[in-house]
Amino acid sequence: MATLAAEGLTFTALPLASPTSDEARAAVLANPGFGTHFTDHMVVIEWSEGEGWHDAVIGPRQPIALDPAAAVLHYAQEIFEGLKAYKQADGTISLFRPEANAARFNASARRLAMPELPESLFIAAIEELVKADAGWIPSAEGASLYLRPFMIATEAFLGVRPAKQYKFIVIASPAGNYFKSGAPAVSIWVSDYTRAAPGGTGAAKCGGNYAASLVPQAEALARGHDQVVFLDAAEHKWIEELGGMNLYFVFDDGTLVTPPLSGTILPGITRDSLLALARDEGLTVREERYSLDQWRDDATSGKLIETFACGTAAVVTAVGRVVGRDGEFTVGSGGPGQLTGKLKARLVAIQRGEAPDPHGWVRKIA
Ligand SMILES: *Cc1c(COP(=O)(O)O)cnc(C)c1O
């Protein structure tokens, strides 16, 4: 069986040898957690120099065979995306701004010297997988099907240059609430490490950035915090972002500040969506640098009333406490603030089809 997808490619459907039983799937969906359970299917599309994108397959999720010399294993030529499929109140399934993920995937591909994937093919692959695994979308509040498209360099070659063979793969994982405890506000540790330097890969969604963030994140956890916040590499002064989430600062005059897309932070789609929603509300949002010293002073004086982090996985999370080598401070009441809650509710309502979608962000899957 094959269905025409996009760019003249058709997906070959391979049968499942042993699909998950309804009982086992129901048990997973009752308590999905994050990133530990996976659906039955995956999509794989091959790329090689000369042939371009070819051999699109949707089939059983299973291990992939790689030559031990595959470039991804040695030089980390890898990029990924993260987005969610939601079950709407009316039973239909929707994606949130998948075109933005497709565009960012290609921006990451360019930075990592990898081939770009036509946006229509990126979206077709995701829709193919969501349709095949539609029974895996949890319907509880805050739950969704987390989709993980990624690309790896598969060519067996130890010389240092862009590989000539790649695989694009999409897998899916039912997701509950990202923060296990459902914590109302997180505590963050100001890292001495830097995540990204000017001219580096900070704006690309690549595995290498995450590999470099594991020690700082582990340090934050060991000190009893939930997350790490990174400062800029040059002056170690300006706030950049958390390990995998962008930041917003809320002031007592109702204005918001978020760090600008300087090339060293990841251009989050949640960040961009909140920028638009806040402006829809008539709020003033400035994309401008904000220093750790100013953050501490403003939190202490009461000028800064809320801080929140945002990203696809956890959506919007309040930051209650900030601790670093030079001291610590509490933001607002130390719990989630009003505007944080309001913006989160606005975004979630659009994502779930419970509110009008004035920006055309929701894409229904037929
Ligand atoms: C993915 C990611 C984000 C958030 O991006 P969204 O598109 O909102 O999910 C923020 N920072 C980093 C480092 C990321 O990898």
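Let us begin at the ligand: one of its oxygen atoms sits 2.8 Å from an N or O atom in the side chain of Arg104. This is a predicted model, in which local features need pLDDT of at least 70 and side-chain atom pairs count only at pLDDT 80 or more, while totals for chains, interfaces and linings use all residues. Residues are numbered from 1 along each chain as its sequence is written, and side-chain values use heavy atoms, with hydrogens and water left out.

| Protein atom | Distance to a ligand oxygen atom |
|---|---|
| Arg104, side-chain N or O | 2.8 Å |
| Ile269, backbone N or O | 2.8 Å |
| Thr312, polar side-chain atom | 2.6 Å |

The protein buries 97% of the 380 Å² that the ligand exposes when taken alone (accessible areas by the Shrake-Rupley method with a 1.4 Å probe). Around the ligand there are 15 residues, of which Lys205, Tyr210, Glu241, Thr270 and Thr312 come nearest (a residue is near if one of its heavy atoms lies within 4 Å).

Thr270 also belongs to helix 6, where Thr270, Ser273, Leu274, Leu277, Ala278 and Asp280 meet Leu343, Arg346, Leu347 and Ile350 of helix 8 (contact means heavy atoms within 4.5 Å). The residues of this contact comprise six nonpolar, two polar and two charged. The axes of helix 6 (residues 269-280) and helix 8 (residues 338-351) come within 10 Å and cross at roughly 110°. The two helices are therefore roughly perpendicular to each other (a class covering angles of 65 to 115 degrees).

Elsewhere, Gln217 lies in helix 5 (residues 207-222). A polar atom of the Gln217 side chain is 3.4 Å from the backbone nitrogen of Val228.

Notes:
Axes fitted to C-alpha atoms, helices over the stretch in contact; angles between N-to-C directions. Helix = DSSP H or I, 4+ residues; strand = E, 2+ residues; numbered from the N terminus. Parallel < 35°, antiparallel > 145°, perpendicular 65-115°, else oblique. Nonpolar A, V, L, I, M, F, W, Y, C, P; charged D, E, K, R; others polar. Polar contact = N/O pair within 3.5 Å; in protein donor to acceptor, adjacent residues only side chain to side chain.
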